[in-house]
Amino acid sequence: MDPYEVEFIGENRIISVIPNFSYDKIYLICGEFGPFRAGLPINVPLWLAMMLKQKQKCRIVPPDWMELDTLENIKEEEKRSRFFTKMPNEHYMVEAKLILGAASEDVPNAAEIKTIIKDIWDIRMSKLRTSMDALMKSGGGYGRLDHLTMMEINSAKPILPSAMDYLLQIQKKAQQRLQQPSALNTSTFSQSGSSQNT
Amino acid sequence: MDLTDDNIALSEDEEEEITAEVVLKTLQSAWQNERLAPEILPHRNDMVECMLGQIQHMERNINKLPKTDLRATIHKMELSRIKFIICNYLKTRLSKIEKYCIPILNEERQRVESGTNFLTPMEYKYAQEYLLNMENHMKTVVLDKMPGNMQMFETNKMAEHPNMQSHVFLKANETINGVVLEDLAGEDEEIDLEEGSQHILQYKPIADLVKNGKVQLI
């Protein structure tokens, strides 16, 4: 799966915006939103928020978790714990990228927030790498990965499943060799013995 | 102006009405599963048809609207997103049909009798014609120029089977007890999947769970 497809799925999340226009309720197929009143916050899907922001028709309200203290706590928690901690939501990277990309002026301390989110991502990715390594070395056919978000899993998709497939094939071949009675035992020794003599 | 019917009756037998929102969510998870599963999954043509009907209805209504930028743009954007999901879903299915043509046709022949087909009638026809074209192509380009005893198009040897033991990531939608993982040494390991937990394991043990919606591939 491509990263932009994960982003597409993440864009269905609901965030809050403050429109600068007024409009009645909109009946979309994915739900109804509105009525829009200038200056009052309203919940809309992320893709809609991005479009409104690009047309300069709204201000984005950063989600609750996107502030310095919360993110610092999450980062500390992630550093301390050996396993993956629960992220504020399933698509934190998609939301962060889109909101900080299009609407960084609406987010207080945008630059520091970018750095902290990047640090959290790096810590989680390095944990993912070490645990993939451990999984492969233990000859694993099964692993549990709670609290990993979709984007992180997607980054491991080119490598981990195919590595495990190959490991399985190698194990199968090895097992077949063991089960087949070896026809090579004594006859070749005697043959090589005789060829050495001549 | 009422721009959409939110309630659609699924069929005359079922009293329950399903909203367009639910159909869209089902279609999205069906798309995700189809992208990530190694084999072809049962078709969700009812959902696709329903969505297509909704899209047509919406497009008619949008065209009736004057060129008021905002509402038309928003609806058009949503329709583009839905069209992308549908197109990609159908494209993925078609590419799987083309790749695993022969096993799919064999299995489908058995399934048609029991009424649990995985392919829609159109897809079935496409698969049969694709196989026929492939055979003709091979015959005219290669096989007829081979010595006499090698001119058979051996369907068994040409068949490419999907790798049911490839590893996939999945998320459990409900608690499932007793998934049996076969180990090569013959030691079967039985694991439980808690609701909301995520795992990586072989596709084969969970194939049925994907098909009845108890786990979601991620």
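Begin by selecting residues 54-140 of chain B, a span that is 87% helix and 0% strand, and whose end C-alpha atoms lie 46 Å apart. The structure on your screen is a predicted model, and everything on this tour should be read with that in mind. UniProt, in an unreviewed entry, lists these residues, 54-140 of chain B, for the feature "domain: GINS subunit".

**Stop 1: helices α2 and α3 of chain B**

Select helix α2 (residues 45-64) of chain B together with helix α3 (residues 69-99) of chain B, and turn the view until you can follow both axes, which come within 11 Å and cross at roughly 155°. An angle over 145 degrees counts as roughly antiparallel, and α2(B) and α3(B) are therefore roughly antiparallel to each other. The crossing in which α2(B) passes α3(B) is left-handed. To see where the two helices touch, show the side chains of B:Val48, B:Met51, B:Ile55, B:Met58, B:Glu59 and B:Ile62 on α2(B), and those of B:Ala72, B:His75, B:Lys76, B:Leu79, B:Ile82, B:Lys83 and B:Ile86 on α3(B). If you colour the residues of this contact between α2(B) and α3(B) by class, you will find nine nonpolar, one polar and three charged.

**Stop 2: helices α4 and α5 of chain B**

Move along chain B to helix α4 (residues 101-114) and helix α5 (residues 121-141), whose axes come within 10 Å and cross at roughly 130°. That angle makes α4(B) oblique to α5(B), and their crossing is left-handed. On the α4(B) side of the contact, select B:Cys101, B:Ile102, B:Ile104, B:Leu105 and B:Glu108, and on the α5(B) side select B:Tyr124, B:Ala127, B:Gln128, B:Tyr130 and B:Leu131. By class, the residues of the contact of α4(B) with α5(B) are eight nonpolar, one polar and one charged.

**Stop 3: the domains of chain B**

Now step back and colour chain B by its domains, which are domain 1 (1-97), domain 2 (100-162) and domain 3 (163-218). If you mark the C-alpha centres of domain 2 and domain 3 of chain B, you will have two points that lie 31 Å apart.

**Stop 4: two annotated spans of chain A**

Turn to chain A and select residues 2-61, where UniProt, in an unreviewed entry, places the feature "domain: DNA replication complex GINS protein PSF2 N-terminal". Over these residues, 2-61 of chain A, the chain is 28% helix and 33% strand, with end C-alpha atoms 28 Å apart. Next select residues 65-170 of chain A, which the UniProt annotation "domain: GINS subunit", again from an unreviewed entry, covers. Residues 65-170 of chain A are 66% helix and 2% strand, and their end C-alpha atoms lie 45 Å apart.

**Stop 5: helices α3 and α5 of chain A**

Select helix α3 (residues 68-80) of chain A and helix α5 (residues 110-137) of chain A, which pack at an angle of about 20° with their axes 10 Å apart. That makes α3(A) roughly parallel to α5(A), and the crossing of these two helices is left-handed. Among the residues that meet here are A:Leu68, A:Leu71 and A:Ile74 in α3(A), and A:Ile113, A:Ile116 and A:Ile120 in α5(A). What classes of residue make up the contact of α3(A) with α5(A)? The residues of that contact divide into eight nonpolar, no polar and seven charged.

**Stop 6: where the chains meet**

Finally, show chains A and B together and select their contact, to which chain A gives 28 residues and chain B gives 32. On the chain A side, the elements that give two or more residues are β2 (26-28), α2 (46-54), β6 (143-144), α6 (150-156) and α7 (160-179). Which of these elements gives the most to the side of chain A that touches chain B? The element to highlight is α7(A), which gives the most, with eight residues. Coloured by class, the side of chain A that touches chain B shows 19 nonpolar, five polar and four charged residues.

Definitions and conventions. Residues are numbered from 1 along each chain as its sequence is written. Chains are lettered from A and ligands numbered from 1 in the order in which they are written. This is a predicted model: local features need pLDDT of at least 70, side-chain atom pairs count only at pLDDT 80 or more; totals for chains, interfaces and linings use all residues. Axes are lines fitted to C-alpha atoms, for helices over the stretch in contact, and angles run from 0 to 180 degrees between N-to-C directions. Helices (H or I, at least four residues) and strands (E, at least two) are DSSP runs, numbered from the N terminus. Angles under 35 degrees count as roughly parallel, over 145 as roughly antiparallel, 65 to 115 as roughly perpendicular and the rest as oblique. A crossing is left-handed if the near helix is turned anticlockwise from the far one by less than a right angle, and right-handed if clockwise. Two residues are in contact if their C-beta atoms, placed from the backbone, lie within 7 Å. Ala, Val, Leu, Ile, Met, Phe, Trp, Tyr, Cys and Pro count as nonpolar, Asp, Glu, Lys and Arg as charged, and the others, Gly among them, as polar. Domain bounds come from an automatic or database domain assignment. UniProt positions are given in the numbering used here, feature names are shortened, and annotations may be inferred rather than shown by experiment.
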